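Subject: Structure handover

Hello,

Here is the structure for you to look through. Please open it first, then read my notes below.

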Amino acid sequence: MACRLTIRAGARVERERHRGLGDALAALEARADELAGSAPAHAMGGRALRRFEPVQQVIGRIELRGDDGVRGGVDVRGDGSVEAFTGRMRRTLVDQRPGESPYEALARALAL
C-alpha cells in the first residue's frame with residue numbers, strides 16, 4: 001500500500017510518497033521529531049483574554065494518507081509535545097497506553 005505524507009509547518013507545506021505504511025510511519029516520526037525540536041516554548045496573544053499557551057498551539061501537522069483509505073497523523077504542539085489522531089475532517093485523538101509513544105499509538109490505531 002502506497003502512502004503519502006503532507007507536512008505542514010507554518011506556511012510551508014511539503015509532500016512525500018512512501019512505499020508502505022511502515023516506511024511512512026518512520027518518516028512521520030522523524031519529521032515530527034524535527035518539528036518538536038524547533039518548537040517555540042512561549043505563550044502568544046494578549047495578557048488575559050485570547051492568550052494561547054504553548055501546549056494549545058499547533059506549530060506543525062503531519063498527515064498520512066494511504067491508498068486504501070487509511071488516514072491519520074500527528075499534531076506537534078508549541079511545547080514540543082506530540083498528539084496522534086485518526087481521520088481527516090473529523091479527527092479523533094488516539095489514546096496512548098502506558099509506556100506508548102504517540103507514534104506507536106498511531107501505528108496501533110491505523111493497523112486496526
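Contact here means heavy atoms within 4.5 Å. Helices (H or I, at least four residues) and strands (E, at least two) are DSSP runs, numbered from the N terminus.

This is a predicted model: local features need pLDDT of at least 70, side-chain atom pairs count only at pLDDT 80 or more, and totals for chains, interfaces and linings use all residues. Residues are numbered from 1 along each chain as its sequence is written, and side-chain values use heavy atoms, without hydrogens and water.

Helix α2

Start with α2, residues 102-111. Its buried residues (under 20% relative accessible area, 1.4 Å probe, protein chains only) are Pro102, Tyr103, Ala105, Leu106 and Leu110. Look down the helix axis: these residues fall within an arc of 160°, so they line one face of α2. The arc is that of the directions from the helix axis to the C-beta atoms. In general, an α-helix has 3.6 residues a turn, so residues three or four places apart point the same way.

What do the buried residues of α2 pack against? They pack against α1 (21-37), β5, β6 and β7 (82-86).

Threonine 86

Threonine 86 is part of strand β7. Leaving out residues up to four places away in sequence, threonine 86 touches Arg71, Gly72, Arg91, Thr92, Val94, Ala109 and Leu110. Its C-alpha atom is separated by 13 Å from that of glutamine 96, 10 residues apart along the chain.

Best wishes

How values were computed: Buried < 20%, exposed > 50% of the residue type's maximum accessible area, 1.4 Å probe, protein only.
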